[in-house]
Amino acid sequence: ARGRGSLGSAALADARGAVTVQADDSAAREVLRAWLEDHRTPKDVHDAKALALACLDAPGTGLAGLRVDTALAAYLDAPGQRGYGLNEVAVRVLGHEVAIAAAAEDQLAFDEPAEDASLAPAAVAVHELAQALLPRYALAQTISFTDERIKARYVSYPSPGGSSGQM
């Protein structure tokens, strides 16, 4: 299932480029696990939910230090779009496609075997998307849910067929 399975490989990127980590032995898995759990290392991820679910299936592994989920940031930036897969968001925000394998198109394939050649461009794209979307994402976070311009009200209505009364 999507977002479930083992953490077999990952690609890490910054302004200098990308490196792929194949977690095919215990030492490599430990390095990847330590990086994922390090809250001091900011991480930009596309579809962090899939990574978090994969971490749940890797005993003793957690996810800390998430700076931005570019899929979520893209949704907040343009909520009416049809899809938020990595390639779709890259085309909309960066103006170009990402050379990634079909298996990695809607996530960074945390639970699927992936070729180094497809993960590295995806990681670079996530880094570029984070740079492009973070200023807009940060602006969205400055609006408090208690802002007086936001009008909210509670509506009560009968529970359909339930015995709980009002919803």
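Okay, let's start with Thr 70, which counts as buried, at 0% relative accessibility. Before I go on, keep in mind that this is a predicted model.

So where does Thr 70 sit? Its place is in helix α3. What I'd like you to look at is the side chain: Thr 70 and His 46 are joined there by a polar contact of 2.8 Å. If you skip the sequence neighbours within four places, Thr 70 is in contact with Val 45, His 46, Val 126, Leu 129, Ala 130 and Leu 133.

The largest one has 16 residues, and the members touching the most others are Val 68, Leu 86, Val 89 and Leu 133. The largest share is from α5, with 8 residues. There's also another core lying apart from that one, made of 8 residues, including Ala 23, Leu 32, Val 45 and Ala 48.

Last stop, Val 93, over in helix α4. Is Val 93 buried or partly exposed? Partly exposed: its relative accessible area is 22%, and buried has to be under 20%. Leaving out residues up to four places away in sequence, Val 93 touches Leu 129, Ala 132, Leu 133 and Arg 136. Take Leu 129 from that list: Val 93 and Leu 129 are 36 residues apart in sequence, but C-alpha to C-alpha they're 7.1 Å apart in space.

And Leu 129 and Leu 133, if you remember, were also on the contact list for Thr 70. That's my tour, thanks.

Note on methods: Residues numbered from 1 in each chain as written. Predicted model: local features only at pLDDT ≥ 70, side-chain atom pairs only at ≥ 80, totals over all residues. Heavy atoms only, no water. Core = buried A, V, L, I, M, F, W, Y, C linked by side-chain atoms within 4.5 Å. Buried < 20%, exposed > 50% of the residue type's maximum accessible area, 1.4 Å probe, protein only. Helix = DSSP H or I, 4+ residues; strand = E, 2+ residues; numbered from the N terminus. Contact = heavy atoms within 4.5 Å. Polar contact = N/O pair within 3.5 Å; in protein donor to acceptor, adjacent residues only side chain to side chain.
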